[in-house]
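Please look over the sequence and the model shown here before reading the briefing. The notes are meant to be read with both at hand.

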Amino acid sequence: MSAIIPYYLAPMIILGIETSCDETGVALYSTELGLLGEALHSQVDLHAVYGGVVPEIASRDHIRRLLPLIRQVLGDAGVERPDVIAYTAGPGLIGALLVGGGMAAGLGLAWQCPVVPVHHMEGHLLAPMLEDAPPAFPFLALLVSGGHSMLIAVKALGDYELLGTTVDDAVGEAFDKTAKLLDLGYPGGPALAALAEQGDEEAYAFPRPMLNRPGHDFSFSGLKTAVMIEVRKTRERGDFESCRADLAASFQRAAVDTLVVKSIRAAKSVGLDRMVVAGGVGANKLLRQEMAASFPGKVYYPRLAYCTDNGAMIAVAGALRLADAATMSEIRAQARWRLDSLAIPGTGG
Ligand code: KG4
Ligand code: ZN
């Protein structure tokens with residue numbers, strides 16, 4: 001594992017805490033040795049019966065899981081206490097964020113160590129830094145998760161220009177909602193991608209939203225509606241079951257085509273020849289394949305486990321933001337927080 005922190009003389013061990021949504025993630029990262037250990041608890045089973053994340057259930061489960069996971073990760077790594085604690089301060093579910101923030105504050109006091117608030121999407125953006133050949137700045141980032149679809153010119157650490165975002169549903173949300181239409185349950189993205197492998201992606205000519213418009217924004221609600229109309233027709237005809245895989249494959253192809261074309265166009269417009277694809281939808285196999293095949297520059301991905309939410313990406317983001325570490329004076333938790341409002345570490349913001 002690569003150690004990527006050049007500017008601190010003393011090696012630091014950072015405890016990363018992620019509780020923004022429905023995964024409790026914990027990791028230990030050394031600026032000298034890389035990742036020392038990690039643990040993840042997914043709440044998927046708790047929320048599946050409701051067809052989506054129930055915020056109060058999420059908060060309560062984070063409370064139950066977080067401390068045992070921290071104990072486990074520290075114990076397994078043989079580390080008594082970290083030098084710094086990094087936690088996700090937003091964006092996300094406010095109650096869930098407060099659990100991680102409260103834990104970071106308490107442990108920071110108990111251990112007398114500084115604490116760094118981390119932006120969840122900056123965590124996703126920096127997840128490829130955990131790999132052996134991390135991307136150098138500058139690069140274009142396609143950040144695609146359940147709550148966000150963003151194209152960002154990453155000029156330096158903390159210097160982010162938002163080139164485009166979604167005007168309606170995030171792409172992960174479109175995968176999840178379409179999966180629900182196809183009776184695939186929650187969370188639907190991975191299940192839809194699996195079903196799509198058995199289908200014909202040319203069976204339905206779904207729209208590639210916003211491709212013929214200028215600018216770098218996305219829109220996915222029209223694509224979801226187009227699938228809904230076809231699903232209704234198949235139900236009326238009585239052949240829904242036999243059409244499901246084709247619907248999944250055609251939806252996935254339209255969504256991926258849109259992401260690939262718009263990302264390449266955005267990279268060209270700002271002259272960037274490196275691209276990072278990260279966030280939950282970055283785990284999509286077709287997206288990874290198509291971007292690598294079509295982008296003329298080099299594409300960087302986190303490994304699959306670091307596309308979806310995890311503690312390691314928060315720990316590495318904290319390591320890169322050591323200059324922002326401070327004695328905790330308040331619990332920072334922001335449900336909404338713009339990525340492009342961040343500043344270069346050590347300069348405030
Ligand atoms: O980054 P993430 O774990 O959580 C958020 O910050 O939102 O992303 C979760 C999203 C969900 O919408 C999920 O359906 C989607 O990522 N996702 C996928 C795949 N794996 C996860 N979407 C398409 N294909 C996948 N293989
Ligand atoms: Zn996420």
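The briefing below covers the domains, the pockets, the salt bridges and some backbone features.

This is a predicted model, in which local features need pLDDT of at least 70 and side-chain atom pairs count only at pLDDT 80 or more, whereas totals for chains, interfaces and linings use all residues. Residues are numbered from 1 along each chain as its sequence is written, chains are lettered from A and ligands numbered from 1 in the order in which they are written, and side-chain values use heavy atoms, with hydrogens and water left out. The chain is divided into domain 1 (13-130 + 306-341) and domain 2 (139-301), with bounds that come from an automatic or database domain assignment.

**Domains and their contact**

- The centres of domain 1 and domain 2, taken over C-alpha atoms, are separated by 27 Å, and their contact (heavy atoms within 4.5 Å) takes 22 residues from domain 1 and 23 residues from domain 2.
- About 1,800 Å² is buried between domain 1 and domain 2, and carbon and sulfur atoms give 75% of that area; buried area here is the accessible area (1.4 Å probe) that two parts lose on being put together, summed over both.
- On the domain 1 side, Met 121, Leu 125 and Cys 307 supply 33% of the area buried against domain 2, more than any other three residues.

**Largest pocket**

- The largest pocket holds about 1,600 Å³ of space; a pocket is an open set of points on a 1 Å grid over the protein atoms alone, where a 1.4 Å probe fits and protein lies on both sides within 12 Å along at least five of seven lines, and a volume is the space filled by probe spheres set on the points, which are joined across faces, edges and corners.
- Its lining (residues with an atom within 4 Å of a point) has 50 residues, of which Cys 21, Ser 145, Gly 146, Gly 147 and Asp 176 lie nearest the centre of the pocket.
- Domain 1 and domain 2 each provide at least three residues of this lining.
- Among the helices (DSSP runs of H or I, at least four residues) and strands (E, at least two), numbered from the N terminus, α4 (120-126), β7 (149-156), β8 (159-165), α5 (171-181) and α6 (188-196) each supply at least two lining residues, and α5 gives the most, with six.
- The lining divides into 19 nonpolar, 21 polar and 10 charged residues, where Ala, Val, Leu, Ile, Met, Phe, Trp, Tyr, Cys and Pro count as nonpolar, Asp, Glu, Lys and Arg as charged, and the others, Gly among them, as polar.

**Second largest pocket**

- The second largest pocket has a volume of about 310 Å³, and of the 19 residues that line this pocket, Val 115, Pro 117, Asp 324, Ala 326 and Arg 332 are the closest to its centre.
- Strand β5 (residues 115-119) contributes the largest share of this lining, four residues, and the lining as a whole divides into nine nonpolar, five polar and five charged residues.

**Salt bridges**

- The whole structure contains 20 salt bridges, each being a side-chain nitrogen of Lys or Arg within 4 Å of a carboxyl oxygen of Asp or Glu, while the count between domain 1 and domain 2 is zero.
- Arg 60 pairs with Glu 56 in a salt bridge whose closest N and O atoms are 3.0 Å apart, and both residues lie in helix α2 (residues 55-77), four residues apart, about one turn of the helix.

**Backbone features**

- Gly 90 and Pro 91 are joined by a cis peptide bond with omega of about -15 degrees, and Pro 91 lies in the loop between β4 (84-90) and α3 (94-111).
- The peptide bond from Phe 137 to Pro 138 is also cis, with omega near -5 degrees, and Pro 138 is in the loop between α4 and β6 (139-144).
- Asp 183, in the loop between α5 and α6, has phi near 60 degrees, a positive value in a residue other than glycine.
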